[in-house]
Amino acid sequence: MGEVVGVRMSAPPGDGRLPHMNHCDTGDERQGSGPCEGGVVDLLEGLRASLHAKIERLLRMPLVATIPEVTTQPAPHAADPGADVWEALIAATQNLASTSPAPSPAAWREDPDDGSALVRITLDYDDLWRGREKEVRDLFLNTVESPVAFLTDAQKLLLERSPREFLTLDPMPEDVELLDFETERVGTSERVVAIRVTRMPEGRRHLRHVAIVPNLVPLQRQLHALKVLEERSDDGCLTPLRCLLGCDDPARLATRAPSDAPSPLPIFADERLDEFQRACVAHAMESPHFAVIQGPPGSGKTTVIASILRRAVARGERVLVVSSTHVAVDNVVEKITPGPDEASAPLVVQSLPVRFAARQRKLSPRALDYWVGAKKQRRGATIATRVQRCLSESVSIASALYAIEDAKSVGVAPLSTAVAACDDVLCGTPIGVLSYESVKLAAPGAFDLLVVDEVSKLTLAEFLAVAVKARRWVLVGDPEQLPPYNDIEENGVTLDGVLDARLELACSVGALVARCQPAERDSLRLVVAASDPASVAAVIAAHLAAVAARNESPLVVALADATEVRAGVIVCLPEEVEGAVQRLSRHEGASPASSRDRSAFVHLLVERGLAVPRPATLSGVRLVEARHRSPAQLFEASFNLFHALPWSRRSGHPLRLAAARVGLQRALPSAKALAALTHGPEPWCEAMREALVGHIALRFAVNTVSVYDWLTGMPAEHFDVAPLHKLSGLSRGALCEAVRPFVGTLKKQYRMHRSLSALPRAMFYFGEALLDARADSADSSGVMLVHVEPHAEDARESNRAEADAVERMIKLVSTHRASRGERASIMVLTPYRAQEALLKTRLEALDVEVCTLDRCQGREADYVFISLVRGRATAFLDMPKRWNVALTRARTGLVLVGDLDAYRAEAQRARSEARRRVGGVSPSHPTMSLLARIIEGYDALGQTMKRAS
Amino acid sequence: MIPSKHDRHEKPRPGRAEIETLCILHALAAGACTAVELDARLGLRSGRSRHVDEAVGPLVTAGWVAREHDALRCTEAGREHLRARLLRYGLAGPDVV
């Protein structure tokens with residue numbers, strides 16, 4: 001099936017068809033149809049195409065750096081002047097065969113303390129230059145704690161010529177874990193110049209290169225799962241998953257309403273479940289296919305999961321427990337295994353989980369006791385210790401024998417081995433657990449039950465990769481907390497097969513214009529490198545005319561027509577880029593007002609698939625990075641709206657989403673652009689545009705919508721903007737109906753003091769969950785708001801004044817508690833990594849956990865401090881789910897630190913403006929940022945207000 | 001003189017494998033029982049027979065434990081083995097076997 005359009009339409013006159021449409025034809029005769037309207041939604045094909053696109057992207061990405069060497073040429077073997085030609089050739093050959101120069105000793109430096117190695121590297125930025133200094137740095141940043149490969153010359157050649165073949169090498173080149181890297185400033189860029197790895201690789205004499213090799217395993221496993229589901233149409237246990245993909249009829253699902261359950265839930269005397277928890281456990285045990293449990297913060301999800309595991313194991317079932325975060329997996333392991341003070345706990349099956357992970361360092365100390373890795377493990381020793389404790393308590397000779405044990409003796413301990421062989425409960429991340437041998441080799445449906453925690457963070461493909469191994473699925477999550485991570489560059493690449501390269505250029509220009517401040521649009525200087533400049537210039541101009549007002553659109557010309565142009569968009573061939581850049585460059589000597597001033601630079605946008613030589617006039621040229629191009633921007637804006645609009649509609653609180661809407665409109669293809677590209681008639685172009693938007697919606701859904709939403713229904717009724725309005729056509733209505741009887745919510749919360757739960761309950765759960773169940777003491781607790789004046793010199797994503805204030809307050813709290821002999825856990829949250837790094841440095845000596853908002857889900861502490869950093873909200877900060885998570889981590893006290901007056905002023909302005917517009921009557925919900933609303937809400941609840949001195 | 005680690009006067013010490021084997025034999029020496037009962041005698045309290053069923057396999061092969069229908073029994077060879085090993089480790093006594 002064609003990638004772009006599944007329609008049969010009368011061809012437009014002339015060269016009207018987009019090249020990639022030539023082989024698409026699904027037989028759907030209706031004009032304007034796309035994958036989301038009528039017909040059969042080819043979800044499977046959309047998933048498969050997305051995964052292939054991501055694999056291709058990774059294969060283009062192996063980054064290879066060179067380890068610098070010193071050329072030490074040995075003295076050439078001198079040929080005898082009287083020798084004949086043959087002897088002279090032999091002498092020359094001997095010179096060539098001399099020992100290769102070893103890399104300079106300075107390139108490698110081993111740390112004698114910890115055995116780590118510092119390796120100097122060089123990267124050919126001239127070759128990589130396409131704006132990739134930042135991409136390169138980000139790639140190294142994302143590779144910390146992952147392996148890098150050390151290569152010989154031959155291996156490097158193979159990797160560059162054929163990454164697929166390289167990945168099949170056996171044995172694979174040696175890889176060593178990357179600990180850190182060093183950079184140097186070159187001009188305005190930061191270049192990676194050295195890496196630190198955990199140890200010196202072996203055989204380094206022959207190693208000339210270090211590479212970040214893409215890990216295709218997760219994507220390959222997801223593809224494999226799709227293949228299994230497609231091929232096994234007669235495998236009844238996979239029918240529910242096939243229904244999820246739209247490959248099977250939900251009418252085939254076994255139906256059993258909860259009231260028809262054959263037996264009541266067994267009661268365990270030591271178990272305490274509230275009525276909502278009990279109902280959810282019952283659903284999980286009774287459902288013949290899916291059970292879904294919504295678990296708001298502190299509602300006892302882990303307790304419920306433990307209860308489900310206990311009952312499943314009692315039935316003799318084998319269970320997989322997965323979550324996309326290690327924290328959540330470890331929480332479950334800690335819940336089901338005995339604590340340090342339960343010395344000789346019974347060796348019941350559910351207390352013997354296998355905690356599988358490739359690396360130990362991501363695990364909590366208690367989960368580590370049950371860790372099994374690819375080559376090492378600690379679980380065996382833990383089980384042997386538990387067996388020892390049990391025997392010592394019950395067998396009279398045991399203690400005396402253990403007292404004289406020869407710890408070095410080898411042999412198979414029969415009891416410990418038998419107990420350790422029990423792997424009925426396997427825990428890990430969805431992809432990680434698939435590396436465990438008995439899971440990897442297991443047939444589809446081999447496991448009786450799969451429990452997925454934090455399922456709202458899992459996409460469809462990630463879920464299916466592990467779900468095929470089970471025959472029943474319990475999904476635990478909260479759609480009001482964080483969704484799947486939206487890597488906009490990775491997801492954007494899935495639109496390569498949807499958007500023609502020239503069309504994508506036009507949409508990217510639209511996206512760039514949308515991001516410019518109004519004052520910047522007239523002075524925007526953009527060079528577009530294209531294969532057909534005249535055609536592309538026309539498409540861009542048509543697109544901008546369609547999506548932007550005239551006075552908002554820059555001039556767009558081909559280079560040949562750009563003699564007098566000093567600002568605007570010049571379209572040229574790749575080899576003409578240098579000239580175009582010079583045309584638009586400022587006079588020498590002028591320097592940009594600031595690095596944030598877009599008009600200060602000439603931007604370069606390169607057509608997908610084209611290579612452009614680095615212009616000599618480097619300074620002042622900025623490549624448009626992938627994340628600013630239309631595919632990535634489509635994903636970003638759609639994502640923000642998808643997660644903000646339903647809350648906004650339901651709460652009646654309008655958020656400032658106009659920028660996202662405008663951005664979407666300009667980044668989506670327009671009918672006029674299609675007309676300029678294909679010269680097709682208007683109705684045809686309109687229909688084509690609708691079909692493209694449908695395909696974009698499908699890609700968005702399969703790559704960012706969580707499996708929770710797929711199973712319970714996407715909130716499509718709230719979406720009035722393209723491409724989200726197409727999502728209603730993707731819903732799994734019949735399947736959702738079949739699952740509905742087995743959907744439950746844990747409505748009570750046990751974490752927060754009642755003063756902390758009030759605002760989140762009202763704002764994010766509309767009073768329907770987060771009901772207080774804690775027996776609160778009279779201790780003081782609550783929310784404290786601390787205003788901190790901003791400093792002009794602070795960067796956008798770090799704030800030293802706030803870090804100072806947080807440090808002072810935490811020291812006070814710690815001292816006060818210590819003087820009373822109390823220990824309180826403290827956590828500090830912030831939206832930005834830069835501030836996280838600053839706070840970690842400041843608070844290093846204190847026992848305080850610091851993390852970003854996006855990584856705090858699943859964690860909790862007695863006291864939580866949130867450093868806001870900015871006094872002005874952004875789309876990133878305007879996500880309700882992010883703040884729901886942040887504001888529900890604290891058990892006793894929550895402290896918000898930031899430029900609160902700025903948010904209060906914003907709220908005041910919004911209310912005044914709204915009053916003015918409605919003739920003096922104050923509307924209940926004027927438009928303001930979410931943070932302004934939150935602070936207003938806490939102020940209204942009468943929280944303590946402080947000013948930082 | 002520094003004693004050699006090969007000094008034949010050094011006291012013998014059991015490894016973990018042997019300790020667990022002797023504990024199983026000791027628990028069975030008190031009388032035949034099912035695997036679930038043996039699980040309880042050993043203090044494992046797993047509530048099932050699986051661990052014990054697997055663990056006694058090598059002991060059955062060695063002839064120290066016999067399976068009789070649902071029950072497990074310590075054989076005479078098993079008792080003798082237990083007695084000899086405990087004696088070796090200085091643990092023989094009226095409360096042992």
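The model is predicted: local features need pLDDT of at least 70, side-chain atom pairs count only at pLDDT 80 or more, and totals for chains, interfaces and linings use all residues. Residues are numbered from 1 along each chain as its sequence is written, chains are lettered from A and ligands numbered from 1 in the order in which they are written, and side-chain values use heavy atoms, with hydrogens and water left out.

**Exercise 1. Describe the contact between chain B and chain A.**

Step 1. Contact means heavy atoms within 4.5 Å. Chain A contributes 37 residues and chain B contributes 30 residues.

Step 2. The size of an interface is often given as the accessible area lost when the parts come together. Here the buried area (accessible area, 1.4 Å probe, that two parts lose on being put together, summed over both) is about 2,900 Å², with carbon and sulfur atoms giving 64%.

Step 3. A salt bridge is a side-chain nitrogen of Lys or Arg within 4 Å of a carboxyl oxygen of Asp or Glu. Four salt bridges cross this interface. In the salt bridge of Arg13(B) with Asp406(A), the closest N and O atoms are 3.8 Å apart.

Step 4. Helices (H or I, at least four residues) and strands (E, at least two) are DSSP runs, numbered from the N terminus. On the side of chain B that touches chain A, helices H1 (16-29), H3 (50-62) and H4 (76-88) of chain B each supply at least two residues. H1(B) gives the largest share, nine residues.

Step 5. Ala, Val, Leu, Ile, Met, Phe, Trp, Tyr, Cys and Pro count as nonpolar, Asp, Glu, Lys and Arg as charged, and the others, Gly among them, as polar. This side of chain B then has 15 nonpolar, nine charged and six polar residues.

**Exercise 2. Where in chain A does Pro171(A) lie, and where does Pro723(A) lie?**

Step 1. The peptide bond from Asp170(A) to Pro171(A) is cis, with omega near 0 degrees. Pro171(A) sits in the loop between helix H6 (163-166) and strand E5 (175-186).

Step 2. A cis peptide bond also runs from Ala722(A) to Pro723(A). Pro723(A) is placed in the loop between helix H27 (707-712) and helix H28 (733-739).

**Exercise 3. Where is Glu454(A) found, and what is its phi?**

Step 1. Glu454(A) is in the loop between strand E13 (449-453) and helix H17 (460-467) of chain A.

Step 2. Phi of Glu454(A) is near 55 degrees, a positive value in a residue other than glycine.
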